[in-house]
Amino acid sequence: MKITILIIILSICFTNEKEEYKFYETKFKELNLTVPDVISNGMKCIDGDCSNGEGRFIFYTEMYEGDFKDNSRHGKGVQVWSNGDYVHGMWDNDEIYFGVYYYGYGNHYGDIYVGEFSNGFKHGEGTYKSVNGFIHNGEWLDDLPNGYGKRLLPDGTIDEGNFINGKLVTKVEL
């Protein structure tokens, strides 16, 4: 339900006011799209002294929990990867096609993508929210913004137009 509401909200055409960024930010907070406990608690010391001694530390373990059909992920499910990335989504014949993807350990820790997938990549309509503050809503191809989209920055700047391989190439004047 939260995913459906978010997609409806994010797909609405907005004005060019600087309040647009705050609107998106508020919706992410209202829908409680934050880093799930499975990511933040996925790495931990389970025995001994892992800070200054000898111990046993667990890193992320890959796991899928959800619906299956013919030995493949199919229907609703949750996938956790060994790097801490986590997705709650819809699967068909072992491929995710829509979901909420949370970035775990690494350069994108805490970032969130909500949208469509193809062959494991962001592909189709989607919204990406970075912990660094920017939000990108638009068309995606091979994990990058490609096609029409809007990039909203925390300072209120809006870059709107056509993107190719993540770069704005044709800007729409607001």
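Tutor: A salt bridge is taken here as a side-chain nitrogen of Lys or Arg within 4 Å of a carboxyl oxygen of Asp or Glu. The model is a predicted one, in which local features need pLDDT of at least 70 and side-chain atom pairs count only at pLDDT 80 or more, while totals for chains, interfaces and linings use all residues. Residues are numbered from 1 along each chain as its sequence is written, and side-chain values use heavy atoms, with hydrogens and water left out.

By the salt-bridge rule the count is three. One of these joins the side chains of Asp159 and Lys171, with 3.4 Å from N to O. This pair links distant parts of the chain, since Asp159 belongs to strand E11 (residues 158-164) and Lys171 to strand E12 (residues 167-171), twelve residues apart; helices (H or I, at least four residues) and strands (E, at least two) are DSSP runs, numbered from the N terminus. Lys171 is partly exposed, with a relative accessible area of 44%, where buried means under 20%, exposed over 50%, and partly exposed in between (1.4 Å probe, protein chains only).

Another salt bridge is formed by the side chains of Arg73 and Asp94, at 2.8 Å from N to O. Arg73 is part of strand E4 (residues 72-80), whereas Asp94 sits in the loop between strand E5 (86-92) and strand E6 (95-102), so the pair ties together parts that are 21 residues apart in sequence. Arg73 is buried at 18% relative accessible area, while Asp94, at 30%, is partly exposed.

The side chains of Lys122 and Asp143 also meet in a salt bridge, at 3.5 Å from N to O. Here Lys122 lies in strand E8 (residues 121-129) and Asp143 in the loop between strand E9 (135-141) and strand E10 (144-152), so this pair too ties together parts 21 residues apart in sequence. Lys122 counts as buried, with 6% relative accessibility, and Asp143 as partly exposed, with 29%.

Strand E9 also holds His136, which is buried at 1% relative accessibility. Leaving aside neighbours within four places in sequence, His136 is in contact with residues including Gly126, Tyr128, Pro145 and Phe163, contact meaning heavy atoms within 4.5 Å.

As for the setting of these pairs, the protein has three helices and twelve strands, and buried residues make up 41% of its 174 residues.
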